[in-house]
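Please examine the structure below together with its sequence.

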Amino acid sequence: MSDRKAYPSDLSDGAWARLEPLLPVQKTGRPRLYPQREMLNAIFYLLRTGCSWRSLPHDLPPWEAVYAYFRKLSASGVWVQINDRLREQARVKEGREADPSTIIVDSQSVKTTEKGGLVATTATNGSKDASARLPWTVAVRSSVP
């Protein structure tokens, strides 16, 4: 770890030990200018504080490098893989199967008005037909009463 003062959002040694094996290993190319742990500490600082990329403190790696690293991990799907692996580890630790066997999907319908969205929010010109109010709308009529 660096010699800077730690932020509350910094990874603990235990968290870093769990996270490090899940990160991609650099095989070729130019050596890293900044350690992966510091890059993640900067990303977690940004997420924790809600600051902008350009407002990252100067004792963390430059925002341009942190942003590029974040985008690289996002584009390659690493964040999803990390989330999946950590979820599996947490489930196994609780004595459950690594993958859930049941999924519950819950949705709630919200009734906005009696007539519904477009008809209720569009001003009328004395006509009850929505297509008369909106010249670009194609009226579709059903033959079923």
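**The nonpolar core and its surroundings**

The largest nonpolar core holds 19 residues, of which Leu19, Leu23, Leu40, Leu56, Val66, Tyr69 and Ile82 touch the most other members. A nonpolar core is here a set of buried Ala, Val, Leu, Ile, Met, Phe, Trp, Tyr and Cys residues joined through side-chain atoms within 4.5 Å; buried means under 20% relative accessible area, exposed over 50%, and partly exposed in between (1.4 Å probe, protein chains only). Two or more residues of this core come from each of helix H1 (13-19), helix H2 (36-49), H3 and helix H4 (78-93). The most is given by H2, with six residues.

This is a predicted model, in which local features need pLDDT of at least 70 and side-chain atom pairs count only at pLDDT 80 or more, while totals for chains, interfaces and linings use all residues. Residues are numbered from 1 along each chain as its sequence is written, and side-chain values use heavy atoms, with hydrogens and water left out.

The protein has six helices and zero strands; from the N terminus on, its elements run α-α-α-α-α-α. Helices (H or I, at least four residues) and strands (E, at least two) are DSSP runs, numbered from the N terminus.

Leaving aside neighbours within four places in sequence, tyrosine 69 is in contact (heavy atoms within 4.5 Å) with Leu23, Arg32, Gln36, Met39, Leu40 and Ile43.

Helix H3 (residues 63-75) gives the most to the lining, with four residues.

The loop between H2 and H3 contains cysteine 51 and tryptophan 53. Cysteine 51 is partly exposed, with a relative accessible area of 22%. Tryptophan 53, with residues up to four places away in sequence set aside, touches Leu46, Trp63, Val66, Tyr67 and Phe70.

Serine 76 lies in the loop between H3 and H4 and is partly exposed, at a relative accessible area of 44%. Serine 76 and proline 24 are 52 residues apart along the chain, and their C-alpha atoms are separated by 9.7 Å.

For the protein as a whole, buried residues make up 23% of the 145 residues. The protein exposes about 11400 Å², with carbon and sulfur atoms supplying 54% of it; accessible areas come from the Shrake-Rupley method with a 1.4 Å probe, and for residues only the protein chains shown count as cover.
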